[in-house]
Amino acid sequence: MASIITDARAFLVDVAVETERTDAVQSFVSQETIFVELGTSDGLHGLGYSYTIGTGGRAVLSMLRDHLLPILVGQEADRIEAVWYRLFASTRATTTGAITSLALAAVDTALWDIASRRAALPLWRLAGGFRRDIPLYDTEGGWLHLDVDELIDGALASQRAGLQGVKVKIGKPNGQEDRERLTAVREAVGSHFDIMVDANQSMTSAEAIRRARLFDGLDLGWIEEPLPADDIEGHARLVAATSTPIAVGESMYSIAQFREYLDRGAAGIVQVDVARIGGITPWLKVAHLAESFNVHVCPHFLMELHVSLVAAIPNGRYVEHIPQLRAITKTGMTIHDGRALAPETLGLGIDWDRDAMDDRTVL
């Protein structure tokens with residue numbers, strides 16, 4: 001018997017940023033968290049979510065309330081692919097783009113929440129079940145406003161906690177300053193610890209090549225988003241100019257974009273974000289596409305959800321440690337010996353605090 005979606009609602013929760021976060025182009029000022037809650041004819045309920053980092057949350061909410069949710073009611077909840085494509089097709093005028101993808105993600109994650117409960121399988125098993133524990137690297141100690149001593153302290157704390165790496169933001173006006181900061185961290189943590197860097201799309205192709213050469217000898221894990229996400233040719237030239245892997249995907253919103261990058265050899269690490277790609281359904285397709293190119297997946301942000309997805313696939317390499325949901329959850333992600341454990345609970349595996357969410361609901 002089909003499981004019919006009988007009710008659907010969307011709401012926006014404002015979650016305060018847990019710590020000051022800065023990079024070469026912006027500050028993380030607030031997390032507008034957009035939720036979709038679904039009920040079905042067979043008594044199941046699902047809660048999915050998406051996010052922005054300060055702007056656009058209300059636009060996503062309007063897309064859901066004004067357009068997508070009315071289409072959703074009456075659809076079969078256990079036909080996730082069909083639902084995703086029907087909603088996507090109804091938004092042709094606004095695809096491919098952030099607002100549509102973020103709205104689709106809130107719906108799609110709610111459907112997977114229901115699917116996990118129906119199957120009585122935790123998400124990481126339902127989506128593939130490759131392994132349960134995943135290495136973590138930390139970003140919270142690497143923001144651009146931190147001075148060198150603070151970077152070192154953060155990296156050493158992560159190392160003592162058993163994490164396998166840290167990410168340091170780059171994009172100082174002078175490339176030598178970036179190099180000095182990174183050199184200090186490398187000398188502090190030694191050679192058997194990963195250091196990744198993130199430029200947040202702040203550079204030209206020529207400058208990215210120059211800085212990559214400045215960083216030679218530091219054995220960086222990757223250089224993340226060195227150029228604007230639509231500059232595939234520039235990324236390809238950078239890949240050819242450096243032995244350091246180039247990571248992309250945080251700011252990409254369609255499977256086709258990932259295909260183009262991989263086909264051109266312009267991506268050494270795929271950082272597909274489950275919210276920005278449009279949900280778990282397309283996330284898994286991108287992950288398997290990357291596997292066909294022998295490329296690792298190290299997704300951006302959303303560690304509470306990404307831990308289950310990275311655990312599901314054979315080419316998952318890292319989960320990024322940035323706690324951001326503690327204000328609206330009862331328990332956090334389980335970490336053991338520096339590795340994240342995918343939850344065995346049903347649904348998305350996130351222990352939501354509905355009272356705290358209600359207190360922070362703004363629309």
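A residue is called buried when its relative accessible area is under 20%, exposed when over 50%, and partly exposed in between, using a 1.4 Å probe and protein chains only. Ser251 is buried, with a relative accessible area of 16%. The model is predicted, so local features need pLDDT of at least 70 and side-chain atom pairs count only at pLDDT 80 or more, while totals for chains, interfaces and linings use all residues. Residues are numbered from 1 along each chain as its sequence is written, and side-chain values use heavy atoms, with hydrogens and water left out.

Ser251 sits in the loop between β8 (246-248) and α9 (255-263); helices (H or I, at least four residues) and strands (E, at least two) are DSSP runs numbered from the N terminus. Its side chain makes a polar contact of 2.7 Å with that of Glu225. A polar contact is a pair of N or O atoms within 3.5 Å; within protein, one must be able to donate a hydrogen and the other to accept it, and residues adjacent in sequence count only if both atoms are side-chain atoms. Beyond four places in sequence, Ser251 touches Gln201, Glu225, Ala229 and Arg276, where contact means heavy atoms within 4.5 Å.

β1, β2 and β3 form an open antiparallel sheet in that order. Strands pair if DSSP finds at least two bridges between them; β1 and β2 are joined by ten, one of them linking Val13 to Thr33 in β2. β1 and β3 stand at the edges with a single partner strand each, so one side of each has no neighbour in the sheet.

Angles run from 0 to 180 degrees between N-to-C directions of axes fitted to C-alpha atoms, for helices over the stretch in contact.

| Helix | Lies across | Angle |
|---|---|---|
| α1 | β1, β2, β3 | about 175° to β1 |
| α3 | β1, β2, β3 | about 150° to β3 |

Helix α1 (residues 57-72) has a kink of about 40° centred on Arg65, the bend being the angle between axes fitted to the seven residues ending there and the seven starting there. Its buried residues include Leu61, Leu64 and Leu68, and their cover includes β1, β2, β3, α2 and α3.

Leu64 and Trp283 touch the most other members of the largest nonpolar core, which has 116 residues. Such a core is a set of buried Ala, Val, Leu, Ile, Met, Phe, Trp, Tyr and Cys residues joined through side-chain atoms within 4.5 Å.
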